[in-house]
Each structure stands twice: as structure tokens, then as C-alpha cells.
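Thanks for coming. I have one structure to go through today, so please look at the sequence and the 3D view.

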Amino acid sequence: MAEAAVQSISANTPEAERELTDGFHLLIDALKLNGIKTIYGVPGIPITDFGRMAQASGIRVLSFRHEQNAGYAAAIAGFLTKEPGVCLTVSAPGFLNGLTALAHATTNCFPMIQISGSSEREIVDLQQGDYEEMDQLAIARPLCKAAFRVLHAQDIGIGLARAIRAAVSGRPGGVYLDLPAKLFGQVMDAEAGRKSLVKVIDPVPAQIPAPEAVKRALDVLKSGKRPLVILGKGAAYAQADGAIKSFVEKSGIPFLPMSMAKGLLPDTHPQCAGAARSTVLRDSDIVMLIGARLNWLLSHGKGKAWGETPKKFIQIDIEPKEMDSNIEIAAPVVGDIGSAVSALLNGMGGNWPAPPADWIKTVTSKRDENIAKMAPRLMNNNSPMDYHGALGVLRTIVKERPDAILVNEGANALDLTRGIIDIYQPRKRLDVGTWGVMGIGMGYAIGAAIETGKPVLAIEGDSAFGFSGMEIETICRYKLPVCVVILNNDGIYRGTDVNKAGPDPATTVFVKGARYDKMIEAFGGVGANATSPDELKRAVNAAMDSGKPTLINAVIDPAAGSESGRIGNLNPQSRLAKKK
Ligand code: OXT
Ligand code: ADP
Ligand code: MG
């Protein structure tokens, strides 16, 4: 709490002697009262002084080069900690830059608060052309879970309390908090200010599922001949790791981790069906979803990927409206994952029947076959590298350093990394998420390093890296233990496209032979160029041992990738071709 706000004064203290506080300090006090220790943002009018004062008060304020990256850092901080990550932006353009990340947090169910300075209401509302004029609240509202504006200093406490509760309770999401410039300078009595602050009590209350829903789910699960559990990033977010592991192991059911749920149980776990994905989706008869939506990433629960076998779905989710969103859910379990999985475990009793042996055999033999097929490709030492050669060595490095956090984006660089690199611990794989968005890379890497203190390995497509590349200066400035590996194939998907219609390069290619490693050297970081898996292995191990900011340009054969990685089928051309 800022000093000005703690000094008490009696009612008859003369006016001149009264301690005063202001909007700046009330916001700082409110954040600290609610345990918020870190802010990610970009300074400027009207929040520059707020950032300085927050830093002086002991809050960690990380200054970025672009608000979108600060926003992604805040979003992933929310995912990793279950507390709202805070992003601070200036008015209009800075606000808009941050908004993509706020919408991303909402889409991915991560708790985040974007606090933005804004211009004066009186002028904005009359559209009289204020500095950075924009009706930010109206613009933010449809893109996030909740949006609030505070006009009076005495409402800062309640405004922040509403923002925190909205971000973390129920299905988590992004919240916008609009603070007009004038608010920061508003002065009020310090004692009254102190009393106006609100500490949010029990912001994430347990949401215990109904006993009948739990019983129904267990009855359906037991009826399966070919049951499957799908773990989504909601399960990783819930931090109910022990209960989930016990439940999965007690059930004996094969589990399929969605991308950011990898590591909840190790990918090398005997029940993991990650390498038999098509088989388990197609042939299962009972599917239990834990913190995963039946959206595009699961083909909406229907169609070819799900095969002919009739299926029943059980779904555990905190959001009641998620049930039946795409297809019928036979056993909805509405509640928080920690409470729901514990209730299921209790209900299973002492001797839960193991799934039929022929189903387990089908899954494990498909999995082992796929793993065996991939193994020799991971051992090649080709130069220039293909994705498999490069990722083969990175896979071993992650195995040897299981507590490092892997950040990953790109198309081929994303999809092949997801399949090849096993994850061993919960919340160690952070990627593009529900939108498949490029640009999360450096923001996530910074947020993850700051929030966890763990080393970060960011595996990036060369295009993907470009969306947030300037933040390598931020990584160097804060001396973060981040090693960025750019799988550089000279372009988007491939570096071989040619524009036959004129002198301009094709739309998907970049400067050939670019040396991204030189960029980090400009800021005092370590750069390395790797042309073979052996060189790559040496460079990454050196970076992870030193903990120094490092960028490795991994030279990949420009012809190695495929259009859109694993999701080429979503391009309109291939959809058209399918229809013809
Ligand atoms: O069972 P089967 O036999 O089917 O086999 C499966 C698994 O069982 C098996 N498997 C394994 N085998 C052996 N061993 C192991 N360990 C193993 N594990 C699995 O492998 C297969 C495949 O498994 P997988 O991957 O699990 O299954 P599948 O079928 O692929 O799953 C389906 C999906 C949909 C769940 C999965 O594919 C998925 O999660 N996909 C996410 C895709 C995604 O989000 N992509 C990003 C967007 S692409 C595009 O939009 C890009 N843009 C446009 C753009 C974007 N996105 N954003 C913004 C802000 N602006 C523009 C751009 C610009 S990508 C992009 C840049 C690309 O260029 P880069 O240079 O960055 O990257 P490069 O491509 O490298 O050049
Ligand atoms: P994935 O992309 O991994 O499949 P999704 O983002 O689609 O995962 O789904 C995550 C789901 O988890 C969301 O529907 C969200 O409501 C739910 N969820 C998030 N946190 C919790 C929680 N603590 N308890 C229950 N459900 C949760
Ligand atoms: Mg590329």
C-alpha cells in the first residue's frame, strides 16, 4: 500500500493537514492488495507516470516494444498462474495493439486484464478530435469477457475488483478496464481512498458438480468397450494435475492430449494415445472430454475423423453453455475440473474394471507402429536440415531438460514440433492455441520466463518469429533465459514459391539465406547459425547451460515444408477440390 494511503487522519484534522492520495496510487494500492505483482506493457501518454510509480512501489513493470507482445505475455501469465495477467496500454493505437491479445486470451479461456489509458470522455463523446480519440470501451466490449470504465478515483478499488473477478471466475477470459487520463490525477482523502479499496475474496470458488451428473458420467464411462479420455488445455489450466493423473491411471483408459495439455501426463506414459490420434478418434465408442472443446481442432465431434462407430460423449467443463455446442453430450458434468475429477475418482470405488484388452492392444500397436515409423527420420544428420533432423535433436534436449518451457509457433514448425517433441510435465508446452495465431512467440517466452523462472526454448517458424521478433531486445534487456530456435526455411510453409507474373517475390517467400542470429547480436545476446543437427544440438545445449538470451538460425531446406502444415485441408482451394 502506498504511504499516502495508509496514514490515518481523524475527522477533525484541519483540511491543510489531511493526507491525500490520487488515482495513480489508488490503482497501485488496489493491484497490490489483490496480489498483482507484475505488469506487462508499453509506456506513453497517459500512463507513463503510472508505470514509473508502479515500478517504484515494487510492482515489476516489464516494458515491451509492441503492446500485442505485452498482451500475449499477460495472457500466458494468466494461463500459467490462474491469476489475471495484466497488460497496460496507452490510448487508441496502443489500446488496439493490445486488443488482439485480449481477444486471444478470451478465446483461449485465459484470465487477463488489459488496463488502458484513454482520452477525455467529454471530448471523445462529442467527437471533437482529442489526442488519440477513441471510444475504447465500446470497441473492447464485444471482444472480451467483460469491459468496465472507471470515472472517479473512489471507484478504482471496485473497478479493479470487478475486473479480477470477471477474469478468473467461471470460464476464465480477458477483461478490459478503461481508465481516462483525468482519473489518474484525481485527488482524494487518503483514508477514504484506503477504505474504497476492495480485496477480492475467494475469486475462484470451487464449482462442485451435481452428484447425479457424476454418477451419470461414471455409468456412461463404464458402458464403453473402447473408451477414450481427451485432455484439453482447460485441464492443464485447472492445476489439478494429481487428481487427473490418478483418475486416468485408475481408469486404465487411453488418453489423447490436446496440444497444450501435453505433459499433464508424460507423452511417454503407457496410456498416451497421442501417436494413435486418428485411430482413437475413429474407433472409440465413449469419449470423455476434460477441459477441451469440440471445436475445429476436434472436427466438431463429427464427420470422417470420428468414423462410423456410434459414440457417446461425456464432457467436464466449467461453462454450462459449452455442453451440446456441436453435438449431443450424453453426460455433461458442469463444474471445475479439480472438483469434478475428484468426485469421479471417489465415485469409481476400489475396483474399476480395466478397459477391454483388445481395445488397449489396438491403440498401443498403432501408437508403437507410428513411433517406430518416425524414429529413423529423427536421426538423420542432413545439411541443410529437414524438420525431422532438426527436431530429432531438440526432442532429446527437451527430454534431458523436462522442466524447460517450450514455446512453439509456425505451420510446419508448429505441427511437426507438436508431434515429435515429447513433453513430460504439465504446462510446459505453450503454443498458438484455439485461433492458430502467429505472433505469440516472444511475448509467451517472456511471460513464461518471468512467471516461472524456468528456462524457455522457443521453436519458431521464420514467418512466425517475424510477428514478434523485435522483442528479442526485450529478452536481452531483462537478461531472460530464453533460447529462440528459428526453423528457417526462407518463407511461409516453404521458401521455394516463385511469382511467374513479374519481378516481385512470391507472396510466401522471404530473403533467401537470411541470418536471424545477427539480430540478437545487435542487443548483446548470443547468435548462432546451425546448418546440421549436430551444430544445432551444440548451440542449443550451450544456450540452455548458459541461460543467456540466444537466437539460433537453424537452416532448413526451403523445400521441406508443406502448405499450411497439417491443416492444408482448410484452405479454400482444397475444400473446393474436395467438393468437385
Ligand atoms: O494417427 P495418425 O496416423 O493420423 O497420425 C497422427 C498422430 O497419431 C501422429 N503422431 C505421432 N507419430 C509418431 N510419434 C509421435 N510422437 C506422434 N505424435 C503424433 O502424427 C499424426 C499427426 O498428429 P497430430 O498433429 O496430433 O494430428 P493432426 O491430425 O495434425 O491433428 C489435427 C489438429 C488440427 C488438432 C492439429 O493439426 C493442430 O493442432 N493443428 C494446429 C494448426 C495451427 O493452428 N496452425 C497454425 C496456423 S497455420 C496458418 O494460419 C499460418 N499463417 C497465417 C496467419 C496466422 N495463423 N496468424 C496470423 C496472425 N496471421 C497469419 C502464417 C502466416 S502459419 C503462418 C506462418 C507459417 O510459416 P513459418 O515460417 O512460421 O512456418 P513453416 O511452415 O515452418 O515455414
Ligand atoms: P483445447 O484447445 O486444449 O482443446 P479448449 O480451449 O478448447 O482446449 O477448451 C478448454 C475448456 O476448458 C473451455 O471450454 C473452458 O471452459 C474449460 N475450462 C477452463 N478452466 C476450467 C476449469 N478450471 N474447470 C473446468 N473447465 C475449465
Ligand atoms: Mg518458414
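Before the ligand, a word on classes: Ala, Val, Leu, Ile, Met, Phe, Trp, Tyr, Cys and Pro count as nonpolar, Asp, Glu, Lys and Arg as charged, and the others, Gly among them, as polar. Keep in mind that this is a predicted model.

With those classes, the shell around ligand 2 splits into seven nonpolar, six polar and five charged residues. In total, 18 residues surround the ligand, and the closest are Arg-171, Lys-233, Arg-293, Asp-317 and Ile-337. Which helix gives the most to this shell? That is helix H12, residues 233–237, with three residues.

Now the polar contacts. Arg-171 places a polar side-chain atom 2.8 Å from an oxygen atom of ligand 2. From Gly-291, a polar backbone atom is 3.4 Å from an oxygen atom of the ligand. For Ile-318, a backbone N or O atom lies 3.1 Å from a nitrogen atom of ligand 2. Taken alone, ligand 2 exposes 580 Å², and the protein buries 97% of that area.

Next, the strands. Strand E12 covers residues 312–317, and five of its six residues are buried, so the rest of the structure largely encloses this strand. Buried here means under 20% relative accessible area.

What does E12 pair with? Strand E11, residues 286–290, runs parallel to E12 and is joined to it by five bridges. Strand E13, residues 331–334, also runs parallel to E12, with four bridges between them. Gln-315 of E12 is the bridge partner of Leu-289, and Gln-315 also stands opposite Pro-332 in E13.

Terms used: Residues are numbered from 1 along each chain as its sequence is written. Chains are lettered from A and ligands numbered from 1 in the order in which they are written. This is a predicted model: local features need pLDDT of at least 70, side-chain atom pairs count only at pLDDT 80 or more; totals for chains, interfaces and linings use all residues. Side-chain values use heavy atoms; hydrogens and water are left out. Buried means under 20% relative accessible area, exposed over 50%, partly exposed in between (1.4 Å probe, protein chains only). Helices (H or I, at least four residues) and strands (E, at least two) are DSSP runs, numbered from the N terminus. Two strands pair if DSSP finds at least two bridges between them. A residue is near a molecule or strand if one of its heavy atoms lies within 4 Å of it. A polar contact is a pair of N or O atoms within 3.5 Å; within protein, one must be able to donate a hydrogen and the other to accept it, and residues adjacent in sequence count only if both atoms are side-chain atoms. Accessible areas come from the Shrake-Rupley method with a 1.4 Å probe; for residues, only the protein chains shown count as cover.
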